[in-house]
Amino acid sequence: MAQPQSKKIFFENLSGAGKAIAVLTSGGDAQGMNAAVRAVVRMGLYVGAKVYFIHEGYQGMVDGGENIEEASWESVSSMLQVGGTVIGSARCKEFRSHEGRLKAAHNLVQQGITNLCVIGGDGSLTGANLFREEWSGLLTELVEQGLIEADAVQKYSALHIVGMVGSIDNDFCGTDMTIGTDSALHRIIEVVDAIMTTAQSHQRTFVLEVMGRHCGYLALVSALACGADWVLIPEMPPEDGWEDKMCQKLSATRSRGTRLNIIIVAEGAIDRHGKPITSGIVKDLVVKCLGFDTRVTILGHVQRGGTPSAFDRILASRMGVEAVLALLETTANTPACVVSLCGNQSVRLPLMECVQMTQEVQRAMDGKRFEEAVKLRGRSFENNLKTYKLLAHRKPESELPISNFNVAVLNVGAPSAGMNAAVRSAVRVGISEGHKMFAVSDGFEGFSKGQIKEIKWADVGGWTGQGGSLLGTKRTLPAKHVDKIAEQMREHNINALLIVGGFEAFESLLQLYEARSTHEDFCIPMCMLPATISNNVPGTDLSIGADTALNAIVETCDRIKQSASGTKRRVFIIETMGGYCGYLASVGGLAAGADAAYIYEEPFDIRDLQANVEHLTEKMKTSIQRGLVLRNENCNENYTTDFIYQLYSEEGRGVFDSRKNVLGHMQQGGAPSPFDRNFGTKISAKAMQWVTKKLVETFRHGRVFANTEDSCCLLGMRRRALVFQPVVQLKGETDFVHRIPKEQWWLKLRPLMKILAKYKTSYDVSDSGQLEHVVRNRPKESDASVAM
């Protein structure tokens, strides 16, 4: 695939000189808004523009005065980890009137502001677009009233608008994920995990009500992430008679030995006739029909609170920089746009196309066209719903297809959070497809010893929230046990193999492919799902477990930085895991607001270290109190963590002192994040459907025989798409000595981290978003659903 021509922006020639950019947050607050504000301010200052805060949203724009304040580099320090919005947000009735917008225009012109970055929901962005359309007329009125000079109309002739969607509801069409949604899911899953322990103790049923207004995204994805027994969302109300079906499902779950039930209700849930279904109604129904001890928990505004997740910080930082680039490139004829995320790719979409599509969803729901509403929400939402139905509701044995195929699933390599969710998904989808599923304990070592047993639907109940590997995993490669593994495959008549693991799993699949020439037992469909905290597997942008590790790093860095508050100036040197892959150090550095991140992929010498120390020293002499430096464990064999710590301690003497911390295996442990649970669940379901398809295609003369390259694949996420790639074709993309891909997408994020840390550097925008149009249904293969 031809690579887009790289166009690099340099500090010296990317000019926002003479431009004034204002940033405001409007409507409901969302975690990550501060990260977006910080990125807009620092990128704006980096390109030479003046940047202004507008406090209290549109109300501050209408009131003017001190509400419009020029921002400095230091004014956005220490806000990355803060929830909500530090510049304030308010609902403003006055801005809805012509007189209010006239006042706002006057206040902006007085400061020379003609570029607005609006962070909010669809109402806030619609208001911004109306303001833009009326702009020239408003200026003419201001001249007529003698409030501004006549030449101001020409000088400030166009108002440029770029929007970023900040909303925990994820109800805005055109983007896979809005700022704040992932953090809200973290709050929900934290509560569900905590509730599950008490529910199990007392054999209780819990009904949880989550936010989302008229959008069921939070309810649906949290149900998928915790394996809830039932979920009620407004886009797909339950069929008439749902009460009996739900109670039968809860009763059947209990009869299989489960001690608890979880039901999740979206706050806007309705039945087919538009009648609200509240958490109280559901509780009374369960008590009346089943007599179960039932409790209701309404999460409320706790979902909006707390620190932003690593995902939200990275998303907001990328979108904030993208918004400034969009404002610099806009012309008088450019429509107002929204910067958003599609898969792992930044995109720009016409604001009003997104708003109109979002409004269409509501019209479809009002008209009881629920299937249309689900499709309009986007393919990611639709896939979430299909996957939930597939995994939560077991078909009766009589309705299952009979395939007579045996599929084995195993974990290989180091454990990573989300592996168990992937195995659960594989087992349940496999059973739904009519296969007999087998679990292999302890990777290929266990395989060679015959540690293989059939695994049933109920056996994987409650697995989504468990960290580590419940099957057991080893780093052992199959090459030295090929004969024994082939023997076990014959004995158990294994027709397909699903491997969940990291770089060792990739190497294992290559070895099994090569063993096909001597052992026909391996001429079966084989698929691998990347699962490693290091994110070092070729053929995929993201791996299961990496998000959980990033959150562990970011949370620890926040605490470490906070430990220095109120003391003298201090720099922390933090060592991260990852082998030779610098993903955790680089992306963790971006999310935690690091000043530098040392990695193997970007060689450095003593001069670079000295320059970093001098840069930090200069910053510390102003108002910055804390510095953060991340180091990948294998970035350089000589410049060790101890060496860097001692260098910073010596060179910073008199200005700051230093501390070091090796994070170690805490990055590998803990409950999986919502992202990893859902990413693992969804790609595993997709992999099992691929396995079924390949089994049918390769079944000839009473046996499965698959020996082509495309029957031995890795399922990875590439930019916007989930792609099955033959492992043989990925060999050329791999550095086997250092166990990393030769090209890694996240290296393009490193200059962004440096810019936000006040370094003068080049920034490659070959991947920056280009203006596209909103499409109702993207082609099936383009749904990466990276954002769950």
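# A guided tour, starting at a hairpin

Start by selecting R719: in the hairpin of β25 and β26, which has two residues between the strands, R719 takes a positive phi near 55°. Strands here are DSSP runs of E of at least two residues, helices are runs of H or I of at least four, and both are numbered from the N terminus. Before going on, note that this is a predicted model, in which local features need pLDDT of at least 70, side-chain atom pairs count only at pLDDT 80 or more, and totals for chains, interfaces and linings use all residues. Residues are numbered from 1 along each chain as its sequence is written, and side-chain values use heavy atoms, with hydrogens and water left out.

Strands β25 (residues 712-718) and β26 (residues 721-726) run antiparallel and are joined by six bridges; two strands count as paired if DSSP finds at least two bridges between them. Pick C713 and you will find its bridge partner, P726, in β26.

**The seven-stranded sheet**

Next, colour the strands β4-β3-β2-β5-β6-β11-β12, which in that order form an open sheet with mixed pairing. β4 (68-70) and β12 (345-350) are the edges; each has a single partner strand, so one side of each is left without a neighbour in the sheet. From one strand to the next, the twist averages 25° (axes are lines fitted to C-alpha atoms, for helices over the stretch in contact, and angles run from 0 to 180 degrees between N-to-C directions).

Zoom in on β2 (residues 20-25) and β3 (residues 50-54), a parallel pair joined by four bridges. Here A20 stands opposite K50 in β3.

Three bridges join β8 to β9 (residues 261-266), and V231 stands opposite I264 in β9.

Keep I264 selected. Along with M164 and L497, I264 touches the most other members of the largest nonpolar core, which has 188 residues. Such a core is a set of buried Ala, Val, Leu, Ile, Met, Phe, Trp, Tyr and Cys residues joined through side-chain atoms within 4.5 Å, and buried means under 20% relative accessible area with a 1.4 Å probe, protein chains only (exposed is over 50%, partly exposed in between). Helix α10 (residues 310-329) gives the largest share of this core, 13 residues. A second, separate core of 41 residues includes Y52, A152, A336 and V347.

Among the elements, β8 (230-232), α8 (242-255), α12 (370-377) and α13 (379-392) each supply at least two residues of the lining.

**Last stop: an enclosed helix**

Finish at α19 (residues 583-592): ten of its ten residues are buried, so this helix is largely enclosed by the rest of the structure. The cover of its buried residues includes α10, α18 (546-562) and β19 (570-576), where contact means heavy atoms within 4.5 Å. Just after α19, select G593, which takes a positive phi of about 75°.
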